[in-house]
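Reader: I would like to go through this model with you, a few sites at a time. Shall we begin once it is on the screen?

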Amino acid sequence: MHTILIATEKPFAKAAVNGIAAIAKEAGFELKLLEKYPDKATLIEAVRDVDALIVRSDIIDEAVIQAADKLKIVVRAGAGYDNIDLKAASAKNVVVMNTPGQNANAVAELTFGMMTYLNRNFYNGTAGVELRGKTMGLHAYGHVGRVIGMIGKGMGMDVYANDPYVEKIFIENDGIKYIADQKDLYRSCQYVVVCLPASKETSGLIDYSLLSIMPEGATLVNPARKEIIHEPSLLKMFAERKDFRYITDVAPDCGEQLKNEYGDRYYATPKKMAAQTAEANINAGLAAARQIVNYLTKGDKTFQVN
Ligand code: 3PG
């Protein structure tokens with residue numbers, strides 16, 4: 001019998017765990033649950049005898065993979081798999097998958113929640129500004145960027161997107177204006193939303209050369225990963241441009257400094273929470289469970305990333 005372990009430092013909603021349990025039961029698999037675990041040693045102990053792992057942003061590094069003697073598959077219930085050591089997994093013939101798109105709506109909704117929170121001065125009762133009629137640029141047009149674009153249009157924003165990996169026609173068919181050069185996106189948009197994955201290529205990509213050309217009153221919005229933003233550039237922007245604002249779902253390393261010195265123009269959620277909805281947990285968690293069953297029973301490798 002195969003064993004699946006759900007290892008989530010940030011637990012799924014109960015309905016998602018119940019749904020995963022039902023899929024495991026139907027397949028004749030055993031399910032184990034490790035939530036809010038205190039340290040890596042606990043995770044390492046828990047993975048020793050499992051065949052499959054479902055994780056979120058949990059760090060699955062070489063030590064964890066090495067300790068998991070029976071491990072055959074890891075599914076990241078979500079989009080970004082920068083938390084998983086793909087090389088170590090491949091070296092041990094462990095398949096790694098993600099569940100693309102399953103939590104995109106939750107991430108998109110929180111993005112607008114953060115934008116409104118900042119625009120209404122943290123709900124302090126003073127007059128704020130609206131999103132309608134403003135320009136928004138999507139830096140990357142994957143699942144998350146696409147939903148953000150749709151909602152932005154619904155709110156009356158003028159939406160642009162730049163993504164060298166997506167056909168111009170695909171973006172234009174959604175009613176979004178295509179921008180070929182990423183510099184032009186930053187030059188023309190009052191709000192730029194970072195929808196990029198974290199990778200070697202994107203690490204520190206958003207730097208002073210892009211931020212400094214943003215228009216007056218510009219806001220950088222980051223529902224993705226902190227590593228994509230070049231932090232010295234961020235600090236320089238805040239120091240030089242009193243109109244520049246930054247909102248993010250993952251606090252940067254310099255977050256405390258930004259909060260103390262520029263608290264009226266900066267906001268970070270206390271804990272990464274864009275995908276933390278019951279619906280997203282159910283969508284991504286159940287997809288992960290199905291992908292594991294399909295791989296272990298039929299060899300289906302759809303959504304493999306390594
Ligand atoms: C993702 O990459 O899917 C999101 O950032 C969500 O991450 P989380 O599962 O840790 O909330």
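Author: Let us begin with Asp243, which is buried, with a relative accessible area of 19%. Please keep in mind that this is a predicted model.

Reader: Which side chain forms a polar contact with that of Asp243?

Author: The side chain of Arg241 does, in a polar contact of 2.9 Å.

Reader: What else does Asp243 touch, apart from residues up to four places away in sequence?

Author: Asp243 touches Pro215, Glu216, Gly217, Ala218 and Arg265.

Reader: Which residues is Asp174 in contact with, leaving aside neighbours within four places in sequence?

Author: They are Tyr141, Arg146, Met150 and Lys153. With Arg146 there is a side-chain polar contact of 2.7 Å. Lys153 is 21 residues from Asp174 in sequence, and their C-alpha atoms are 9.9 Å apart in space.

Reader: Turning to the ligand, which residues surround it?

Author: The ligand is surrounded by Lys10, Arg56, Ser57, Arg76, Gly78, Ala79, Gly80, Asn103, Arg225, Lys272 and Ala275. By class, this shell has five charged, four polar and two nonpolar residues.

Reader: Which N or O atoms of the protein lie 2.6 Å, 2.8 Å and 2.9 Å from ligand oxygen atoms?

Author: An N or O atom in the side chain of Lys272 is 2.6 Å from an oxygen atom of the ligand. For Gly80 the atom is a backbone N or O, at 2.8 Å from a ligand oxygen. The Arg56 side chain has an N or O atom 2.9 Å from an oxygen of the ligand.

Reader: How much of the ligand's accessible area does the protein cover?

Author: On its own the ligand has 320 Å² of accessible area, and the protein covers 94% of it.

Reader: Let us move on to the helices. Which residues of α2 are buried?

Author: In α2, residues 40-47, the buried ones are Leu43, Ile44, Ala46 and Val47. They lie on the same side of α2, because they cover an arc of only 165 degrees around the axis.

Reader: What do those buried residues pack against?

Author: The buried residues of α2 pack against the strands β1 (3-8), β2 (30-35) and β3 (52-55), and against helix α3 (62-67).

Reader: And which residues are buried in α11?

Author: Gly255, Leu258 and Tyr262 are buried in α11, which spans residues 255-262. They line one face of the helix, because they fall within an arc of 75 degrees when seen down its axis. Residues three or four places apart point the same way, because an α-helix has 3.6 residues a turn. On the other side of α11, Glu256 and Asn260 are exposed.

Reader: What lies against the buried residues of α11?

Author: They pack against α10, β11 and β12 (266-268).

Reader: What about Leu185: buried or exposed?

Author: Leu185 counts as buried, at 0% relative accessibility. Leu185 is part of helix α8, residues 182-188. Beyond residues up to four places away in sequence, Leu185 touches Gly137, Leu138, His139, Tyr160, Ala161, Asn162, Ile179 and Val192. Of these, Ala161 is 24 residues from Leu185 along the chain, with 7.2 Å between the two C-alpha atoms.

Reader: One last topic, the backbone. Which residues other than glycine have a positive phi?

Author: Lys36 and Phe303 are among them: phi is about 45 degrees in Lys36 and near 75 degrees in Phe303. Most residues other than glycine have a negative phi.

Reader: Where are Lys36 and Phe303 found?

Author: Lys36 is in the loop between β2 and α2, whereas Phe303 lies in the segment after α12 (278-298). Lys36 is exposed, with a relative accessible area of 63%, and Phe303 is partly exposed, at 41% relative accessibility.

Definitions and conventions: Residues numbered from 1 in each chain as written. Predicted model: local features only at pLDDT ≥ 70, side-chain atom pairs only at ≥ 80, totals over all residues. Heavy atoms only, no water. Buried < 20%, exposed > 50% of the residue type's maximum accessible area, 1.4 Å probe, protein only. Polar contact = N/O pair within 3.5 Å; in protein donor to acceptor, adjacent residues only side chain to side chain. Contact = heavy atoms within 4.5 Å. Near = heavy atom within 4 Å. Areas by Shrake-Rupley, 256 points an atom, 1.4 Å probe, with all protein chains shown as cover. Nonpolar A, V, L, I, M, F, W, Y, C, P; charged D, E, K, R; others polar. Helix = DSSP H or I, 4+ residues; strand = E, 2+ residues; numbered from the N terminus. Arc of directions from axis to C-beta.
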